[in-house]
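Q: Can you walk me through this one? I'd like to start with the charged pairs.

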Amino acid sequence: MMRSYATFRDIQHDLQQGTLSCIELVQHHLSNIKSKAHLNAFLSAYEQEALDRAVEVDQKIKQGNAGRLAGLVVALKDVLSHEQHPLQASSKILDGFIAQYNGTAVQRLLDEDAIIIGRNNCDEFAMGSSNENSAFGPVLNDIDNSRVPGGSSGGSAVAVQADMCRISLGSDTGGSVRQPAAFCGILGLKPTYSRISRYGLAAYASSFDCIGIFGTCVQDIALVLEVIAGKDDYDSTVSNQAVPAYTISINSASAKKYKIAYLNETLESPGLQPEIKDAAASTMDKLRSAGHEVEGIDFPLIEYFLPTYYILAAAEASSNLSRYDGVRYGYRSPNATDLHSMYKKTRSEGFSKEVQRRILLGTFVLSSSYYDAYYSQAQKVRRIIRNKTKEIFERYDFILMPATPTTAFKLGEHIADPIEMYLADLFSVHANVAGVPGISIPCGTDKEGLPIGLQLIADDFEEEKLLHAADMMMNLN
Ligand code: GLN
């Protein structure tokens, strides 16, 4: 049995001392992947490859030329391109597809000697909030196997929750990192839109898509962000802003006092589970006792969060997913009789009902007769939400809100009604619609022992401050 480590820094210390090896780390995580296979968090575990790489990295550590992530065992959501490994976005339509190159984030992890241990299950094309919408079956929450882990990055959240890896990368288009992090009792960061290159991330809704990071401590997340963020010639939308030394700033300025706003509407929301409201209230009390200012403000635009997000995300998805046509790669229907039926049957058989629903909805809101009523209207509302959110940051450092309206729900509970499922994203889509960074922070449990997550949102490119405050909140008592 390996001892448990609070931070990756402690692991690195022992690796340097020679009291721990990468082989032991990889074996430890592999044994958890095996003993918890019923959770269905991994679509593939790269057992031999990870062990071979561990030998190589151990060697580098001995020689003193190892990278900054030497010994960091990482898992990747099945939407990230990892050269010569399968990439399916948990969809039948990408059956047999093998990635041809490393996405930028993946390449940067490898360049710093991280060890990639496998590929995580998720909702098909990252569309979902429970990980029940995967061609490979649902993922189970390790705390209670009758409950969902959240989605769409459910497998990545459970991989960290069940200690199958140290860190995992997911994607957050409307909450898919922060919501499952909350359901699983771990941390989940969605940085500012454009902070991390999207090169090699399977596109869902390109103006929202963001790679996010799961971990159990803020230091680990800060280190990974430091490595993978920043400019990239392969993504013209990525920011050129310099990447700060996040790991250093967490530890400095520790006595800083913040001004924090909460949106009254979030705490008064009718669907909010009372224990989550209590957890938010007691965290606010603790923050006040620690000398921070916490104030409620009105933000009536909250009722537009979900409609704006679901119109725009579906519109972008309908365009992005048009490339899966059976011609170039992945699944092709064997039942086709001519070209037109090949397209139709491939897409009808290859995509699940939920993905088809999004494509149809997106095509509808982009159609010439409805474009102005839905798509362009939603774009305008998005701009207003962003502007009003930015105004809050003129007066406050952060917005604090629940990460989710409820704790992890039961498998099957929301499958019948898509709108009920979409409501799980009520609080998380705000940061994506506005483009700003957010982090989900574990904050106690409900009566049944299910984790509660609170979310802290900051202004564009304020990850330094956000991570500093998240670390402070992890240590509130
Ligand atoms: N649950 C949301 C959706 O289905 C968010 C997904 C995501 O962030 N990838 O669109």
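Predicted model: local features only at pLDDT ≥ 70, side-chain atom pairs only at ≥ 80, totals over all residues.

Q: Are Asp 172 and Arg 178 buried or exposed?
A: Both Asp 172 and Arg 178 are buried.

Q: How many salt bridges turn up in the whole structure?
A: The search finds 23. One of them joins Asp 142 and Lys 36, at 2.9 Å from N to O.

Q: Where do Asp 142 and Lys 36 sit in the chain?
A: Asp 142 is in the loop between β3 (115-120) and α5 (154-161). Lys 36 is in the loop between α2 (22-35) and β1 (42-45). They are 106 residues apart, so the pair links distant parts of the chain.

Q: What about Asp 325 and Arg 328?
A: They form a salt bridge too, with the closest N and O atoms 3.1 Å apart. Asp 325 is buried, at 10% relative accessible area. Arg 328 is exposed, at 54%.

Q: New topic. Which residues touch the most other members of the largest nonpolar core?
A: Ile 117, Leu 169, Ile 228 and Leu 467 do, in a core of 152 residues. Helix α11 (residues 305-320) gives the largest share, nine residues.

Q: What does Ile 228 touch?
A: Leaving out residues up to four places away in sequence, its contacts include Ala 105, Arg 108, Leu 109 and Leu 169.

Q: Which residues form a nonpolar patch on the surface?
A: Val 327, Leu 339 and Tyr 343 do, with about 260 Å² of accessible area together. Tyr 343 lies in helix α12 (residues 339-350).

Notes:
Residues numbered from 1 in each chain as written. Heavy atoms only, no water. Core = buried A, V, L, I, M, F, W, Y, C linked by side-chain atoms within 4.5 Å. Buried < 20%, exposed > 50% of the residue type's maximum accessible area, 1.4 Å probe, protein only. Helix = DSSP H or I, 4+ residues; strand = E, 2+ residues; numbered from the N terminus. Contact = heavy atoms within 4.5 Å. Patch = residues over 30% accessible without salt bridge, like charges linked within 9 Å, V, L, I, M, F, W, Y side chains within 5 Å. Areas by Shrake-Rupley, 256 points an atom, 1.4 Å probe, with all protein chains shown as cover. Salt bridge = Lys/Arg side-chain N within 4 Å of Asp/Glu carboxyl O.
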